Amino acid sequence: MIDNKLWEPFRLKKTILSNRLVMAPLTRSRGNADGTVGDFASIYYAQRATMGLIISEATHVSLSGQGFLNAPGIYSEKQMNSWKPVIQAVHSLGGHMFMQLIHNGRMVHPANTIDNHIGLAPSAIAPENSTAHTVEGRKPYPIPIPMTISDINTVINDFSHSAKMSILAGADGVEVHGANGYLLHQFMGVNSNVRTDEYGGNIENRARLSLEVVKKTCDEIGSQRVGFRISPHGPKDLSIDEGKQIKEFYHYLVNKLNNFNLAYLHVLDYGFENEVINDIVDTYKGTIILNKANRPLDELTEPLESKKADLIAVGHWAISNPDLVYRLQNNKELNKLNYNTLYGGGNVGNLAMPTEGYIDYPTIEDIDVKNI
Ligand SMILES: Cc1cc2nc3c(=O)[nH]c(=O)nc-3n(C[C@H](O)[C@H](O)[C@H](O)COP(=O)(O)O)c2cc1C
């Protein structure tokens with residue numbers, strides 16, 4: 001059985017989590033065109049409610065911030081109402097849920113949006129190594145529109161507005177997405193942000209937007225309900241380079257985040273910046289969720305033992321194992337992941353598969369019944 005520490009309850013500010021296993025945010029592209037969450041989300045998330053904390057798939061904070069195919073949002077009344085039963089279903093089973101808030105920035109393909117918009121970004125630079133998943137297959141991202149100061153102020157307000165909507169929907173909190181090459185991360189990169197105003201150039205300026213978003217969001221819903229996600233230098237294919245001073249950059253950012261008394265800092269460790277990750281963990285004073293990408297199962301709890309992290313997030317395993325907690329607690333084999341059904345629409349743009357690979361992964365109980 002996986003180490004007992006993972007199964008100890010954890011106090012996340014005012015929320016008591018039943019264990020320390022966290023479902024990482026996972027975009028599944030099964031929402032509706034108006035940004036409401038898809039019909040089967042209540043089942044999908046409820047199936048996974050035994051995990052101590054669920055972080056929702058990235059939900060966009062405005063139409064301009066939406067760029068994934070069929071991704072839900074949380075800024076309109078209708079979207080907020082669509083999330084209520086999902087969160088209620090998780091709560092009714094003793095689970096807890098934070099909504100991840102995203103602005104895609106330049107990671108927007110017009111074909112994925114209802115108004116055919118192009119992304120906004122710190123500078124007019126498209127991601128070099130990345131293509132968008134669209135209904136017509138994978139396509140290069142267009143060159144984004146550089147943001148004015150007024151656009152920046154709008155985005156700051158959009159995050160805090162969506163945070164308020166998340167709380168109205170019943171969520172326990174929100175996670176501001178500062179990772180994986182999306183808008184806030186684009187501002188952090190020296191290759192994605194070549195601005196010459198107070199939002200570009202030195203470390204303070206490249207961290208400014210993230211800190212302003214966090215501040216406004218904390219002012220809106222209270223810092224104990226706000227988390228922040230970072231992914232130093234990763235993933236590589238999303239073309240964000242925080243520069244030679246990457247360690248100093250995150251040291252500065254994390255030190256500033258210390259001042260907010262957030263619910264948590266969520267660190268996504270892709271495994272190639274050990275020195276940076278170690279410094280972040282040493283510098284941050286509050287709760288750390290660590291998501292070590294692609295680690296083997298026998299290393300899952302190492303960060304708890306070495307006190308690098310308080311909570312452990314997992315992605316792929318949470319998709320393919322609705323009863324992951326039970327399986328880990330009882331030493332049961334894990335289901336294999338079907339990569340073709342990760343995103344609704346699959347890799348070939350077939351939108352008619354909302355449930356496949358979403359709510360039909362078997363539990364151990366399902367498998368046992370089948371074998372009788
Ligand atoms: C299908 C899929 C969707 C993802 N969507 C998001 C997302 O919406 N927001 C986010 O921050 N990370 C997202 N990620 C990254 C995961 O949260 C996680 O960091 C990554 O899968 C590595 O962890 P793992 O090895 O435990 O899966 C996604 C990953 C996958 C595979």
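## Local packing in a predicted model

Gly357 is found in the loop that connects helix 10 (324-329) with helix 11 (364-371), where helices (H or I, at least four residues) and strands (E, at least two) are DSSP runs numbered from the N terminus. The structure is a predicted model, in which local features need pLDDT of at least 70 and side-chain atom pairs count only at pLDDT 80 or more, while totals for chains, interfaces and linings use all residues. Residues are numbered from 1 along each chain as its sequence is written.

Gly357 counts as buried because it has 21 C-beta neighbours inside 10 Å; a residue is buried if 20 or more other C-beta atoms lie within 10 Å of its own, exposed if 12 or fewer, and partly exposed in between, with C-beta atoms placed from the backbone. Leaving aside residues up to four places away in sequence, Gly357 touches Asn338, Thr341 and Leu342, contact being defined by C-beta atoms, placed from the backbone, that lie within 7 Å. Between the C-alpha atoms of Gly357 and Ile319, which are 38 residues apart along the chain, the separation is 8.2 Å.

Strand 11 (residues 226-230) is mostly covered, with five of its five residues buried. Val226, Phe228 and Ile230 point one way from this strand, and Gly227 and Arg229 point the other way. In a regular strand the side chains alternate between the two faces of the sheet.

| Strands | Sense and bridges | A bridge pair |
|---|---|---|
| Strand 10 (residues 173-177) and strand 11 | parallel, four bridges | Val174 and Val226 |
| Strand 11 and strand 12 | parallel, four bridges | Gly227 and Tyr264 |

From strand 11 the chain crosses through helix 6 to strand 12 in a β-α-β crossover that is right-handed, a term that applies if, with the strands pointing away from the viewer, the path from the first strand over the helix to the second runs clockwise.

Helix 7 (residues 274-283) has Val276, Ile277 and Ile280 as its buried residues. They lie on the same side of helix 7 because they cover an arc of only 95° around the axis, the arc being that of the directions from the helix axis to the C-beta atoms. These buried residues pack against helix 6 (246-258) and strand 12 (264-269), whereas the face turned away from the buried side carries the exposed residues Asn274, Glu275 and Asp282.

Terms used. Contact = placed C-beta atoms within 7 Å. Pairing = 2+ DSSP bridges.
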